[in-house]
Amino acid sequence: MTSSRSQNELPLSVYDLTVAYQRKPVLWDVGFEVPPGSLVGVVGPNGAGKSTLLKAVLELLPKVSGQIRFFGGSYAENRHRVGYVPQRESVDWDFPIDALDVVTMGLYRQIGWFRRVNRAHRDRAMAALEQVGIADLAHRQISQLSGGQQQRTFLARALVQGADLYLMDEPFAAVDAATELAVLAVLREMKAAGKTAMVIHHDLQTVPHYFDYVLLLNMRVVAFGPTSEVFTTENLQKTYGGRLTLLEEATHAMRERGRQR
Amino acid sequence: MNGLWPDDWSWQLDGWIILAGVLCALSSALVGNFLVLRKLSLLGDAISHAVLPGLAIAFLVTASRSSWPMFLGAVIAGLVTAGATQWIRSAGKVDEGASLGVVFTCLFALGLVLIVQAADRVDLDPGCVLYGAIETTPLDQVSWLGWRMPRVVWVLGTVLLVNVLVLGVLYKEFQLSSFDPSMSTALGISAHGMHSLLMVLVAVTAVASFESVGNILVVAMLVVPPAAAQLISDRLGRVIAWSLILAAFSAVLGHWLATVVPRAMGYRAVSTSAMIAVAAGLLFCVCFLVGPRQGVLSRWWQRRAAAAEMLAEDVVGWLYRREEKLAAADKASREAGAGPEELASGLGVALGPLRRNLKRLVRRGTLQNVAGRYQLTAAGREEGQRVVRAHRLWEQYLVEQAEVPLSRIHEHAERFEHVTTARMREALAEQTDGTERDPHGSRIPPEH
C-alpha cells in the first residue's frame, strides 16, 4: 500500500518560491512539480539561482515566501527520503578523512544521534564505493583523489542514504569522461528503481540525452516540462539571451535605495 | 641539583602544577582541533580575550568574587564574541579576520577599562590575566570525596571530562558539520547548532583556564597542538590523538623548561604558563621540520631519495644500452662496463653524486666494480632491461596513441620510465599491439 501511494505522490512540489540575498531577489515566484521517477535537469546561466534553488528547497537558505512540499509533506517529515549532493568545491578536501569516511557520512542520519559508526555501516559504505567504481581508493585521504574520484565519492555518499529524491548540484562539472559515464549510469539505475533526481547541469548538448524533464531557470522559471517539449531553441534564448533586463534594473535600484538608507 | 630535577623540586607542589598544565592543555587542544579544522583558529584567541569584560561586568553587577556569576558572565561574553563576529561578517561584508579583530580588541580593551575601574575593590590583576598564576596552584585546595586537591585541578579536570564526553558522544556529528555544513544541516544535524555548542565548549574551557593558567596558554593550546598534529597525520582520529599527546608533552616540558633550565643557567625561574606555550611552539617546529606528511625535512629527504633512485635507473639503463650497441663484440668487451667519468659524461650528471650512487648500486648487487669499471651484474642486467623496455614502449605508445611528435617523445619517456610498473608495461605492450620496435627502430626488449 505504502509503495503504491509513494508512486503517485509528487516527490517535490514548489509554489511561488521567492528567495533574496540581503534584499536582492535571486529567485522570483518559482513554481514547478517534479513527477515521480523522473530525471530533471536544471539549466540556466551563471547567477540564474540554480544552486540557490536547491539550497532554499532544502531549507539551507531562508526564503521570503513560497511553499515547498516533499512527498506531500514538509521537509522535516521527509528528510530521510531526500538526498543532497552539494557542489564539489563547497567542501575542504584537505580535511583529514578518507573516502570511506565521507561515504559513511551518508548514513549518519540512519545511525542516529550519539551512536557510533560500526562495521556494518562501513561495509555498506564500501558497497556504495564499489558501485561507483572506486572501492580500491576507499582508504585514500580525500585530497589525493582526482576531481572525478571526489565526485564519485560524493555520489556514493548519496547512494548509501537510500533516498527517494536526490538533489544534485553539478555532479557532472569538471569530471573526466569515465566519471561522467559512471554518474550517468547511477542516475539511470536510480530512475529504474523508481527514484527521482533533480540535477543542476551545465552542458546543454547532453541535456536531451540525460534528462527526461528540464527546468529552464533564470531567476524565474522560463519553462518546465518534458525535455522533448520544453528544451527548444526559443526557450533557451529566453533563458540565456534576454537577461531579464528590467528585472535586473529594478533589483539594482532596490539595492541602491537600501544603501542610501 | 641531582640529574634532571633541582633539589627543591617537590612532586607535592610541582606535580600539581604540571597536572594543572596538562589538564588545561588537553581540554584546550581537544576542542581546538575542530576550530583549526573549521579554519577558525583565531576565534579561540578572540573568545579567550573577550571573557575579560564578562568577568569585570559580572563582578561589578554582583559585587562579589564568587565563582558562579563570574564564570557565567565570562562564558556569555565569549559567546557574544563568537556571535558578533559572525554577524558583522555576514551583515556588514567585513572579512573574517577584520571582524574578529574589531570585536575582540574592543571587548578586551573594555574589559581592561572596567577592571581598572574596579581595581580598588578587587584583586583582579590585568597582568595575571595574560600569564595566569599556575605556580600558586597548590595553595588553594578543595576537598572532594575525601580527596584533597588544588581547586584549579578540580575545575580543569571537570572541564576536560565535559569536553571528552561531549566530543566523544557527538564525534560523528562534529566531524560531519565541520567537513560539510550544508549536507549536515540537510540531514537534520544543524551545522549552526553544532557550531554554537563548540563555541560554548571553547568559552567554558577558556574561562576555566583563565585565572589559573592565563590566557596565553589557552590561546596557544587551542591552536598549536592541533596544527602540529595535522602535520603528522591525515586521519581525524589520529590527528586528535596526536594533538593530545603533543599538548600533554608541552605542559610537562614547559614546566621543566621554566623551573630547571633558567636556574641551571643562573637565572630565576620564569612563568610556567608562558613556557608551556613556548614548548608547544618548539614541538610545532619539530613537526614542521620532520612531520612525515608535510614536514619540510621529510619532503626534502623524499625528493632526494626519489632523485637518487631515478639516477640509479638511468645508470643501469645506460649500461644496458651500451651492451646492446656492442652486441657484435665478444662477451668480455661487451660486458666491460664503464668508468665513473665515462658514465658522468654519458648521462650528463655531476661526478660526485654519481660516485655515491654507484657505490650504493654495488652494495645493492646491481653493479660490480671490476678494476674501477662498473659492470652490470645479472640482476642489474634484468633491471636495465626493464627500464629500457619501459622507455621504448612509452615512445611507441606516445607516437601511436597520443600522437606526440617524434622530436618530443624521448623527454616524456625519460620521465615516465621511472614510474612504470610491470602492470603498466603489460598494458603498454597490449595497446601498442605487441610491437617489437620503437619509433626510432630500436628493438623493445622482452619482459624479463
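Good morning. In this model, α17(B) passes α18(B) in a right-handed crossing, that is, the near helix is turned clockwise from the far one by less than a right angle. The model is predicted, with local features requiring pLDDT of at least 70 and side-chain atom pairs pLDDT 80 or more, while totals for chains, interfaces and linings use all residues. Residues are numbered from 1 along each chain, chains are lettered from A and ligands numbered from 1 as written, and side-chain values use heavy atoms, without hydrogens and water.

Helices (H or I, at least four residues) and strands (E, at least two) are DSSP runs, numbered from the N terminus. Helix α17 (residues 378–400) of chain B and helix α18 (residues 406–416) of chain B pack at about 135°, their axes 9 Å apart; axes are lines fitted to C-alpha atoms over the stretch in contact, with angles from 0 to 180 degrees between N-to-C directions. Residues of α17(B) in contact (heavy atoms within 4.5 Å) with α18(B) include W394(B) and L398(B).

I turn to chain A. Five of the five residues of strand β7 (residues 196–200) of chain A are buried, so the strand is largely enclosed by the rest of the structure; buried means under 20% relative accessible area with a 1.4 Å probe, protein chains only. T196(A), M198(A) and I200(A) cover one side, A197(A) and V199(A) the other. Strand β3 (residues 39–43) of chain A pairs with β7(A) in the parallel sense over four bridges, pairing requiring at least two DSSP bridges. Here V42(A) stands opposite I200(A).

How values were computed
Buried means under 20% relative accessible area, exposed over 50%, partly exposed in between (1.4 Å probe, protein chains only).
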